[in-house]
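Work through the exercises below with the model open. Each task is followed by a stepwise solution.

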Amino acid sequence: MELPQTRTSLLELAALYLRLGATAIGGPAVHISMMEEEVVSRRGWLTRADFLDFLGATNLIPGPNSTEMAIHVGRVRAGWL
């Protein structure tokens with residue numbers, strides 16, 4: 001995976017995840033689906049292949065998949081604090 005040329009602000013990421021969390025009803029599967037629509041199709045932050053790689057990684061480790069996916073996307077787009 002190649003890191004993006006421009007970084008996304010933490011405020012933009014927080015606004016996106018706040019909106020997704022407030023509007024998605026149906027659990028982690030719905031959050032991941034909506035996240036894919038936003039970060040792959042609308043914003044072009046990730047390729048579909050990169051998104052699916054992250055999804056595979058989140059399915060291997062225990063915990064809430066949508067939260068783990070948000071962490072992966074945030075790390076790639078905004079970097080480490």
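This is a predicted model: local features need pLDDT of at least 70, side-chain atom pairs count only at pLDDT 80 or more; totals for chains, interfaces and linings use all residues.

**Exercise 1. Describe how helix 2 and helix 3 pack.**
At roughly what angle do the axes of helix 2 and helix 3 cross? Which residues meet?

*Solution.* 
Step 1. Take the geometry. Helix 2 spans residues 28-42 and helix 3 spans residues 48-60. Their axes come within 10 Å and cross at roughly 150°.
Step 2. Classify the angle. Angles over 145 degrees count as roughly antiparallel. Helix 2 and helix 3 are therefore roughly antiparallel to each other.
Step 3. Name the residues. Helix 2 brings I32, M35, E36, V39 and V40. Helix 3 brings R48, F51 and L55.
Step 4. Sort them by class. This contact of helix 2 with helix 3 has six nonpolar and two charged residues, and no polar ones.

**Exercise 2. Trace the contacts of R43.**
Where is R43 found? Which side chains make polar contacts with the side chain of R43?

*Solution.* 
Step 1. Locate R43: the loop between helix 2 and helix 3 holds this residue.
Step 2. Check the accessibility. At a relative accessible area of 31%, R43 is partly exposed.
Step 3. List the contacts. Not counting residues up to four places away in sequence, R43 touches E12, L16, R19 and E38.
Step 4. Pick out the polar contacts. The side chains of R43 and E12 are joined by one of 3.2 Å. The side chains of R43 and E38 make another, of 2.9 Å.

**Exercise 3. Describe how helix 3 and helix 4 pack.**
What is the angle between helix 3 and helix 4? How many of the contact residues are polar?

*Solution.* 
Step 1. Take the geometry. Helix 3 and helix 4 pack at about 135°, and their axes are 9 Å apart.
Step 2. Classify the angle: helix 3 is therefore oblique to helix 4.
Step 3. Helix 3 passes helix 4 in a right-handed crossing.
Step 4. Name the residues. F51, F54, L55, A57, T58 and N59 in helix 3 meet N65, E68, M69, H72, R75 and V76 in helix 4.
Step 5. Sort them by class. The contact of helix 3 with helix 4 has six nonpolar, four polar and two charged residues.

Terms used
Residues are numbered from 1 along each chain as its sequence is written. Side-chain values use heavy atoms; hydrogens and water are left out. Axes are lines fitted to C-alpha atoms, for helices over the stretch in contact, and angles run from 0 to 180 degrees between N-to-C directions. Helices (H or I, at least four residues) and strands (E, at least two) are DSSP runs, numbered from the N terminus. Angles under 35 degrees count as roughly parallel, over 145 as roughly antiparallel, 65 to 115 as roughly perpendicular and the rest as oblique. Contact means heavy atoms within 4.5 Å. Ala, Val, Leu, Ile, Met, Phe, Trp, Tyr, Cys and Pro count as nonpolar, Asp, Glu, Lys and Arg as charged, and the others, Gly among them, as polar. Buried means under 20% relative accessible area, exposed over 50%, partly exposed in between (1.4 Å probe, protein chains only). A polar contact is a pair of N or O atoms within 3.5 Å; within protein, one must be able to donate a hydrogen and the other to accept it, and residues adjacent in sequence count only if both atoms are side-chain atoms. A crossing is left-handed if the near helix is turned anticlockwise from the far one by less than a right angle, and right-handed if clockwise.
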